[in-house]
Amino acid sequence: MALDHPLPAALSPSRMADFQSCPRRYQYGAVERRRQPASYATTKGRAVHAVLEALFALGGPERTLEAARARLEETTASVLTEEVRSDIACDDALEARLRAEVAAALDTYFTMEDPTAVAAEGVELRLSAEVDGAPLLGILDRLDRDAAGLTIVDYKTGKVPDRRYDVHTFANAELYAALCEASLGERPRSIRLLYVGAGRELERPVTEAVVRARRQAAATVWRRVRTYYDAGAFPATPSVRACRFCAFRDVCRASGVPVPV
Ligand code: SF4
């Protein structure tokens, strides 16, 4: 039976991660385009990203902590739409907590690097390219250039992961590296993940082998997406790990999938 929705035109790293954790999740989010309610964590992440984007829209010497703080109220308000407020049951106390935590993340960010000295080649940079048959699309937080080449910078507001899991931690950013190489003709030399909540940075070089592996993974995922799409259904692969943070638990259960608690 055919799905009553068009095949997505592009594959983003986050949608690819959805598919790899559970193909049904990809069906609900990317194919059927069901809305994923905001959580407190995603709202905070968006607010921090929005302030840093506004900061990097300024000229280098103007990117001060005072300039970032001055943009905090406006950018946080733009993230807190009525829909988001409803999703996270935002009352005055929660809003105050959000503003305080975003302000603290900004303070911490300024202890990690000096944005006045950063040569950003792109901010919220949208890139797309066909990579080994997969139509990749991604928006990079930041792409920096120094004398040694390009660096992908990704802001994180969650916990710092154990370095034993680097292969998972860097997977999305490494796919961005493959996308950069395909669309800009230049492979970034490294990736920096800035954990602005914790004041820690994880860095990893980008190698040809890593980019090749990510390209192959994207091509494999896209082939499987097309196969399931043509078959009219994406299988559910429930597990505690995949389902815990899935926004589609209710609809999935209603369709008969035994979603673990
Ligand atoms: S609830 Fe679990 S099984 Fe259902 S779509 Fe989400 S991850 Fe997949």
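Trainee: Hi! How many residues has helix α3, and how far does α3 reach from its first C-alpha to its last?

Mentor: Helix α3 (residues 40-56) has 17 residues and reaches 25 Å, close to the 24 Å expected at 1.5 Å a residue. The expected span of a helix is 1.5 Å times one less than its number of residues. Helices (H or I, at least four residues) and strands (E, at least two) are DSSP runs, numbered from the N terminus. This is a predicted model, where local features need pLDDT of at least 70 and side-chain atom pairs count only at pLDDT 80 or more, while totals for chains, interfaces and linings use all residues. Residues are numbered from 1 along each chain as its sequence is written, and side-chain values use heavy atoms, with hydrogens and water left out.

Trainee: Got it. Which residues of α3 are buried?

Mentor: Among them are Tyr40, Thr43, Lys44, Gly45 and Phe56. Buried means under 20% relative accessible area, exposed over 50%, and partly exposed in between (1.4 Å probe, protein chains only).

Trainee: And what covers the buried residues of α3?

Mentor: The cover includes α4 (65-79), α5 (82-87), α6 (92-112), β1 (120-131), β2 and β3.

Trainee: Let's switch to α9. What span should its residues have?

Mentor: The 24 residues of helix α9 (residues 208-231) should span 34 Å at 1.5 Å a residue, and the end C-alpha atoms are 35 Å apart, which agrees. Glycine 232 follows α9 and has a positive phi, near 90°.

Trainee: Is arginine 214 buried or exposed?

Mentor: Arginine 214, which sits in helix α9, is buried because its relative accessible area is 16%.

Trainee: What does arginine 214 touch, then?

Mentor: Not counting residues up to four places away in sequence, arginine 214 touches Val167, Ala171, Glu174 and Leu175. Contact means heavy atoms within 4.5 Å. The side chains of arginine 214 and glutamate 174 are also joined by a polar contact of 2.9 Å. A polar contact is a pair of N or O atoms within 3.5 Å; within protein, one must be able to donate a hydrogen and the other to accept it, and residues adjacent in sequence count only if both atoms are side-chain atoms.

Trainee: Okay, new topic. How much space lies in the largest cavity?

Mentor: About 100 Å³. On a 1 Å grid over the protein atoms alone, a cavity is a set of points where a 1.4 Å probe fits but cannot get out, and a pocket is an open set with protein on both sides within 12 Å along at least five of seven lines; lining residues have an atom within 4 Å of a point. Grid points are joined across faces, edges and corners, and a volume is the space filled by probe spheres set on the points.

Trainee: Which residues lie nearest the centre of the largest cavity?

Mentor: Of its 13 lining residues, those are Cys22, Arg25, Cys243, Cys246 and Cys252. Helix α2 gives the most to this lining, with three residues.

Trainee: What about the second largest pocket: what is its volume?

Mentor: The second largest pocket has about 150 Å³. Closest to its centre, among 14 lining residues, are Asp144, Arg145, Asp146, Thr151 and Arg192.

Trainee: Which element gives the most to that pocket's lining?

Mentor: That is β2, with three residues.

Trainee: Last one: where is aspartate 18?

Mentor: Aspartate 18 is in helix α1 (residues 13-21). Leaving aside neighbours within four places in sequence, aspartate 18 is in contact with Arg25, Tyr26 and Gln36.
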